[in-house]
Amino acid sequence: MSSTNPTPNASPERSLQDLYTWGVPHVNGGLGRITEGLMTKGDGTYVEYADGKRMMDFTCGIGVTNLGHAHPRVSGAAAEQCMKLVHSQCSIALHEPYLRLIEALLPIMPHSSLDSFFFWNSGSEAVEMAIKMARLFTKKQNIICMGGGYHGRTYGAMAVTKSKTIYSEGTGPLMPGVFSIPYPYWHQCGLPQSTPTSEISSFCLERLSLLLSQQTSPSDTAAIIIEPVLGEGGYVPAPTEFLQGLRNVCDEHNILLIIDEVQSGMGRTGDYWAVKESGVKPDILLTAKGLGNGFPISGIITRKELSDRLKKGSMGGTYAGNAVSCAAATEVLKVFQDDRVLDNVKAREKELFGALNALKQDAEVGKFIWDVRGKGLMVGLEFLSGNGAPKSMAKRVAEKCIEKGMLILTTSVFEVIRFIPPCNVSKADLEKGCRIFEEAVREVVKEG
Ligand SMILES: Cc1ncc(COP(=O)(O)O)c(C=O)c1O
């Protein structure tokens with residue numbers, strides 16, 4: 001028999017443009033995108049596309065590349081780890097980067113009781129594990145979440161996501177035993193924008209009290225899950241008195257408090273954790289996104305006293321705590337410290353709020369800006385809806401920014417633009433971004 005090797009595909013490699021035209025129809029149609037074209041390169045605050053277009057990135061890949069794209073130290077640490085050990089599987093053996101990451105994270109926990117770590121790949125997986133642990137720890141089932149909250153696209157995470165119906169529409173039944181109260185955000189509560197935050201907090205805590213007496217008894221309720229700064233629901237920080245109120249309710253009824261810092265954590269708000277300022281102790285803290293600066297990793301952090309009760313083998317996952325991602329995340333934390341990145345967040349926060357509030361005072365366009373809010377470099381600007389404001393204002397402003405060379409995102413079912421520049425963005429780039437945004441707003445207002 002003659003040996004016949006299959007003939008290698010003789011056709012030349014497709015050009016990037018041909019690859020794009022050919023490949024896009026093969027990409028799952030459920031994906032949405034705000035730009036066309038292939039992104040080929042990222043450095044710091046900028047990204048480039050195959051056609052040579054260079055864009056400033058105020059999305060950070062939705063709050064991920066907090067140190068900018070392809071940070072040399074982070075990518076370098078990952079590359080070095082790639083040549084040593086890529087994968088060991090946490091049920092086979094631990095590796096050095098896993099423990100180095102714990103070593104780096106432990107001193108910055110928002111509360112000293114958080115001393116037991118599990119690393120997974122995505123925010124959604126972290127949420128799944130938090131729900132699972134809460135049920136195991138309390139031997140109760142129900143979960144209370146927030147209207148407007150977003151926790152991911154897997155089944156448990158989807159069930160506690162209440163920011164937009166698109167994430168779960170047509171996919172039910174979802175995980176049962178989920179109840180919600182409104183997030184303490186005036187628009188989510190249907191209250192006037194001028195309502196003092198203390199009143200909004202009381203309103204929502206009252207709803208919680210009713211929920212616990214009418215729909216889910218404390219003896220059936222395992223956990224309350226909340227983002228300390230609402231992300232996909234509109235970029236709204238939770239008032240301290242609300243978080244403290246939740247803590248009190250949890251303490252009274254043996255309910256666990258899950259703080260989801262997947263988007264708000266890792267320096268984004270000017271501290272490593274948005275919850276820290278409130279002094280509230282999470283029972284379970286979730287992190288992801290900025291932790292790996294683009295390398296997939298999430299963290300589920302709780303008290304050793306609780307996690308020691310778990311049966312061996314009840315937690316795990318093929319890629320959980322991947323060595324390369326752990327090495328990258330450890331370097332992220334080093335860069336934050338060496339480059340004093342939190343100081344930069346605080347300095348740029350002042351400038352960003354200054355620019356957006358000045359626009360809010362502007363005689364021509366200010367009347368269409370309802371609210372400027374947020375923490376650190378997690379800032380939302382809400383346009384007026386209805387009442388003579390241009391239609392779909394947030395979407396149109398975001399599209400204009402993109403035309404002008406800046407990637408920026410909307411958020412929530414309301415007219416909100418979110419600003420998530422890198423935590424180490426320069427003063428000059430922040431000013432440039434604010435200028436582009438202002439031009440876009442003026443043009444949309446002119447067009448009506
Ligand atoms: C607060 C919050 N939790 C969970 C998730 C889900 O994370 P992932 O997309 O990594 O699954 C997100 C994602 O945007 C998020 O913002």
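Phe437 is in contact (heavy atoms within 4.5 Å) with Leu356, Leu359, Leu381, Phe383, Val397, Cys401, Met406, Ile417 and Phe419, leaving aside residues up to four places away in sequence. The model is a predicted one, in which local features need pLDDT of at least 70 and side-chain atom pairs count only at pLDDT 80 or more, while totals for chains, interfaces and linings use all residues. Residues are numbered from 1 along each chain as its sequence is written, and side-chain values use heavy atoms, with hydrogens and water left out.

The largest nonpolar core has 126 residues. A nonpolar core here is a set of buried Ala, Val, Leu, Ile, Met, Phe, Trp, Tyr and Cys residues joined through side-chain atoms within 4.5 Å; buried means under 20% relative accessible area (1.4 Å probe, protein chains only). Leu105, Ile226, Phe383, Val397, Phe419 and Phe437 touch the most other members. Both domain 1 (16-70 + 340-447) and domain 2 (85-338) give residues to this core, so it lies between them. A second, separate core consists of six residues, among them Val229, Met378, Leu409 and Ile420.

## Domains

The protein chain is divided into domain 1 and domain 2, with bounds from an automatic or database domain assignment. Their C-alpha centres lie 26 Å apart. In the contacts across the two domains, 36 residues of domain 1 meet 37 residues of domain 2.

## Ligand site

Around the ligand (a heavy atom within 4 Å) are Ser122, Gly123, Ser124, Tyr150, His151, Gly152, Glu227, Glu232, Asp260, Val262, Gln263 and Lys289. By class, this shell has two nonpolar, six polar and four charged residues; Ala, Val, Leu, Ile, Met, Phe, Trp, Tyr, Cys and Pro count as nonpolar, Asp, Glu, Lys and Arg as charged, and the others, Gly among them, as polar.

The side chain of Asp260 places an N or O atom 2.7 Å from a nitrogen atom of the ligand. For Lys289, a side-chain N or O atom is 3.0 Å from a ligand oxygen atom. Taken alone, the ligand exposes 390 Å², and the protein buries 84% of that (Shrake-Rupley method, 1.4 Å probe).

Note on methods. Polar contact = N/O pair within 3.5 Å; in protein donor to acceptor, adjacent residues only side chain to side chain. Buried < 20%, exposed > 50% of the residue type's maximum accessible area, 1.4 Å probe, protein only.
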